[in-house]
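Q: How do I read the faces of a helix, and then the strands of a sheet? Please take me through an example.

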Amino acid sequence: MKMSIARPLPFLFAFGLSLAACGEKAPESHSLIIRGGEIVDGSGAAGFVGDVVIDGDKVVAVVKGTSPAKGKREIDATGLVVAPGFINMLSWANESLIADGRAMSDVLQGVTLEVMGEGSSMGPFNDEMKRLETERQGDIKYDIDWTTLGDYFNRMEKAGVSPNIASFVGAATVRVHELGEGDVDPTPEQLAAMRALVRDAMKEGAMGVGSSLIYAPGTFAETDELVALVSEAAACGGMYISHMRSEGTQLLEAIDELITISRESGAPAEIYHFKQGGRDNWGKIDAAIERVEKARAEGLRITADMYNYTAGATGLDAAMPTWVQAGGLEEWRKRLQDPDIRARVAAEMQAKGDGWENLYYSAGGPDRVLLAGFKNPDLKPYTGKTLAEVAALRGKSPEETAMDLVVEDNSRVGTIYFLMDEANVKRAVALPWMSFGSDEAAPATEGVFLQSNNHPRAYGNVARLLGHYVRDEGVTTLESAVHRMSGMPAANLGLKERGLLTPGYFADVVVFDPKTISDHATYDNPAQYATGVRDVFVNGVQVVKDGTHTGAKPGRAVRGPGWTGWPDGGACK
């Protein structure tokens, strides 16, 4: 039976209580019972000690106290927290899962659902997109043997993944499919084709439309184009989620644009990695929160997610003006070899972005820009060094060095920028409309993943929330944090039967020790797993046992409300 998160707590375990209260004979045997843990069910309600009863891939009872039922297998969770599996609202595991479907860094933190699609998605592709995507691959190499987002879901399920997966359809992906990578506006016919691609993706199970508006070519989309695409998602029950056009100098204006897109399209909207980037913008947090809460008070469903660190990770493309990147990576590299263009780019890198988001400027200098990922083996020794250090080694200015690295690496070059204020991070962690996302892949501490550095959030975002901010700093409560990693994002996404520990929901479950859960990844040494999660179940199958990955890959594609495979044919009518 499907339960609402708004229902009072007794409804969540009424089935189990009725067995004891009415004296009915308990079922002979269930697949699994997790006994005696503190159940924090994802609704935001206070935790209670009890049992979780599972049959197959579903929860069948959540019992306060001791269930009279018997389990073929029983696990003692005394002294531990039993919670719904955690939802990573901003995952870049789309490629890392191809290399290693175990999703080690995330699953070992209790993540059971990876939500992808920040601006670009793994479909729909055309032949030229497939060619370019293949040529531009970094450390992880793979054949693009699919075309649509739905094809990607099917491919990953067939290959096997440990967590569940979901995705938005990327606004930039749809744009490139029809317009290429240039700074052009769609004709009415091209816009109609883009809208049709969004609708098709929604029917295949996309959660909505995701945009990333500081990067070329996504930045070339104007507001009315985004409204048109998001309207298709809204008609299928989907939402809009965005790396906004600015998180710094034009932060407030960017929030206004997101709210406008939500209002005009009719779709709920979420801000990716809510932040105030750059010291000059730290003081904007009050106004940013006020704008979101004013829109919510007006009845709009505006939410946000964040990662729990003061540095962001992206590429050197975020350090250069978008005009120089028009046409794609190949055109960008050509332009950076023109002395006149290089001089102009160098000058613009040293100033606030005029119509573009300059993270190099916002970070405060090359000593606050950490180089994390190269594809050229000759450049990999620079991994972990700052741009200032590499510039000194090469005897050039930081700006010239950045341009040289893009040309020599034939990539955007993975980069970490130190941008945010810890006091603002703490404040955002406590916001009731804030969920959480790593904005990273799901790597392992082995193999291909050691060829470049990840941001430590890949290994520690969830554990840092529960350990540092909940337990050590008391910034928010355990129940609130769990709710905002499970029940709340599941409701925002419109997921069916996921996000709560309640009868009839899928058995995505994490058992962890609130006294010891901790992140260990650092910027210098990011490849360190978090600790404190003992057991993780995905669709009723154990993927972590006693803190060790079992190798199981029971993950499924979790599809949005527009999916035509639902019994009612989906919301796209």
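A: Start with a cut-off. A residue is buried under 20% relative accessible area and exposed over 50%. Note that this is a predicted model.

Q: Which residues of α14 are buried?
A: In helix α14 (residues 387-394), they are Leu387, Val390 and Ala391. Viewed down the axis of α14, these buried residues fall within an arc of 100 degrees, so they line one face of the helix.

Q: Which exposed residues does the face turned away from the buried side of α14 carry?
A: Ala392 and Leu393.

Q: What covers the buried residues of α14?
A: The cover includes α13 (359-363), β15 (369-373) and α15 (398-409).

Q: At what angle do α14 and α15 pack?
A: About 90 degrees, with the axes 9 Å apart. Angles of 65 to 115 degrees count as roughly perpendicular, and α14 and α15 are therefore roughly perpendicular to each other. From α14, Leu387, Val390, Ala391 and Arg394 take part; their partners in α15 include Pro398, Thr401 and Leu405. By class, this contact has 6 nonpolar, 1 polar and 3 charged residues.

Q: What comes just after α14?
A: Glycine 395, with a positive phi of about 70 degrees.

Q: Now the sheet. In what order do the strands run?
A: In general, strands of a sheet pair through backbone hydrogen bonds, either parallel or antiparallel. Here 6 strands form an open sheet, ordered β9-β10-β11-β12-β13-β17, with parallel pairing. The edge strands, β9 (169-170) and β17 (434-436), each pair on one side only.

Q: How many bridges join β10 to β11?
A: 5 bridges join these parallel strands. Valine 209 has tyrosine 240 in β11 as its bridge partner. Helix α8 (residues 223-235) packs on the sheet and touches both β10 and β11.

Technical notes: Residues numbered from 1 in each chain as written. Predicted model: local features only at pLDDT ≥ 70, side-chain atom pairs only at ≥ 80, totals over all residues. Heavy atoms only, no water. Buried < 20%, exposed > 50% of the residue type's maximum accessible area, 1.4 Å probe, protein only. Helix = DSSP H or I, 4+ residues; strand = E, 2+ residues; numbered from the N terminus. Arc of directions from axis to C-beta. Contact = heavy atoms within 4.5 Å. Axes fitted to C-alpha atoms, helices over the stretch in contact; angles between N-to-C directions. Parallel < 35°, antiparallel > 145°, perpendicular 65-115°, else oblique. Nonpolar A, V, L, I, M, F, W, Y, C, P; charged D, E, K, R; others polar. Pairing = 2+ DSSP bridges.
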